[in-house]
Amino acid sequence: MATNWIAAANTSQTTQRKIIVLDIAERAVISATFAYFAYRALGSYFQTLSIISLLLLVSEAMPFLFILFRLPSKSLSNSPRDWVLGIAGSIAPLMIAPAALNPLIAEGACFALIVSGMFLQISAKVILGLGFGIIAANRGVKSLGPYRFVRHPMYAGYTLTHIGLLLAMPSLTNAALYSLALGLQISRIYREERILRLDPIYREFASRVRYRLVPYVF
């Protein structure tokens with residue numbers, strides 16, 4: 001019995017150390033990528049002095065700061081696929097090339113889309129708290145605020161902001177990167193729900209909130 005207890009304790013300690021190492025690696029990769037993105041975005045802003053260019057930086061700074069200061073998750077996935085999806089989905093928008101404004105629609109409409117998406121992101125993150133992260137995990141089931149309408153309002157906010165930015169700064173490169181980011185976000189949603197559905201509380205929540213990203217669509 002004592003031997004079994006010691007073995008279980010050692011396994012638990014090893015798992016915790018692995019989670020800590022993975023957590024640090026996640027933050028380091030995202031921090032390095034964001035530093036490169038911020039350098040380019042600030043350069044674009046100082047050249048154009050456009051509020052849209054500044055919003056590009058602010059919109060991507062928010063998830064970065066939440067990743068940097070969030071609490072570690074005890075259920076962080078160690079699946080390589082989840083790590084690839086999580087990191088790639090976070091990096092893709094940071095590869096956007098800040099471009100001269102050439103809006104496809106009225107600049108005010110682009111601004112409204114971007115700010116609406118940012119507000120949706122913030123409200124979802126306030127409800128989620130410092131449990132936010134980019135790798136699939138069960139960080140607690142939330143059902144208040146925007147979670148009453150879709151199960152993944154944070155991703156919905158990202159998507160709305162990206163649409164506004166793409167319409168304001170259209171280019172084939174940006175369209176490809178934002179399309180890639182959306183595809184990765186959808187894949188992340190399915191991978192996260194694979195873990196979350198192990199929790200009966202989440203299954204009950206999913207039965208009440210039918211849509212993942214866009215009401216009546218998906």
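Reader: Is the crossing of helix 4 and helix 5 left-handed or right-handed?

Author: In this predicted model, the crossing of helix 4 and helix 5 is left-handed.

Reader: What makes helix 4 roughly antiparallel to helix 5?

Author: Helix 4 covers residues 107-128 and helix 5 covers residues 153-168. They pack at an angle of about 160°, and their axes are 7 Å apart. Angles over 145 degrees count as roughly antiparallel, so helix 4 is roughly antiparallel to helix 5.

Reader: Which residues make the contact?

Author: From helix 4 they include Cys 110, Leu 113, Ile 114 and Leu 128. From helix 5 they include Pro 153, Met 154, Tyr 158 and Ala 168. By class, the contact has 16 nonpolar, six polar and one charged residues.

Reader: How many aromatic pairs does a search of the whole structure find?

Author: The search finds six aromatic pairs. One of them is formed by Tyr 45 and Phe 46.

Reader: Why is the pair of Tyr 45 and Phe 46 called tilted?

Author: The ring centres of Tyr 45 and Phe 46 are 5.6 Å apart, and centres within 6.5 Å make a pair. The planes of the two rings stand at 55°. Planes under 30 degrees apart count as stacked and over 60 as edge-to-face, with the rest tilted, so this pair is tilted.

Reader: What about Tyr 155 and Tyr 158?

Author: Tyr 155 and Tyr 158 also form a tilted aromatic pair, with 6.1 Å from centre to centre and 50° between the planes. They are three residues apart in helix 5, so about one helical turn separates them.

Reader: How do you know whether Tyr 155 and Tyr 158 are buried or exposed?

Author: Buried means under 20% relative accessible area. Tyr 155 has 6%, so Tyr 155 counts as buried. Tyr 158 has 8%, so Tyr 158 is buried too.

Reader: Where do Tyr 45 and Phe 46 fall on that scale?

Author: Exposed means over 50%, and partly exposed lies between the two limits. Tyr 45 has 22% and is therefore partly exposed. Phe 46 has 59% and is therefore exposed.

Reader: What is said of the phi of Tyr 216?

Author: Tyr 216 has a positive phi of about 70°, although Tyr 216 is not a glycine. Tyr 216 is found in the segment after helix 7 (200-208).

Reader: Why is Tyr 216 called exposed?

Author: The relative accessible area of Tyr 216 is 71%. The limit for exposed is over 50%, so Tyr 216 is exposed.

Technical notes. Residues numbered from 1 in each chain as written. Predicted model: local features only at pLDDT ≥ 70, side-chain atom pairs only at ≥ 80, totals over all residues. Heavy atoms only, no water. Axes fitted to C-alpha atoms, helices over the stretch in contact; angles between N-to-C directions. Helix = DSSP H or I, 4+ residues; strand = E, 2+ residues; numbered from the N terminus. Parallel < 35°, antiparallel > 145°, perpendicular 65-115°, else oblique. Left-handed = near helix turned anticlockwise from the far one by under 90°. Contact = heavy atoms within 4.5 Å. Nonpolar A, V, L, I, M, F, W, Y, C, P; charged D, E, K, R; others polar. Buried < 20%, exposed > 50% of the residue type's maximum accessible area, 1.4 Å probe, protein only.
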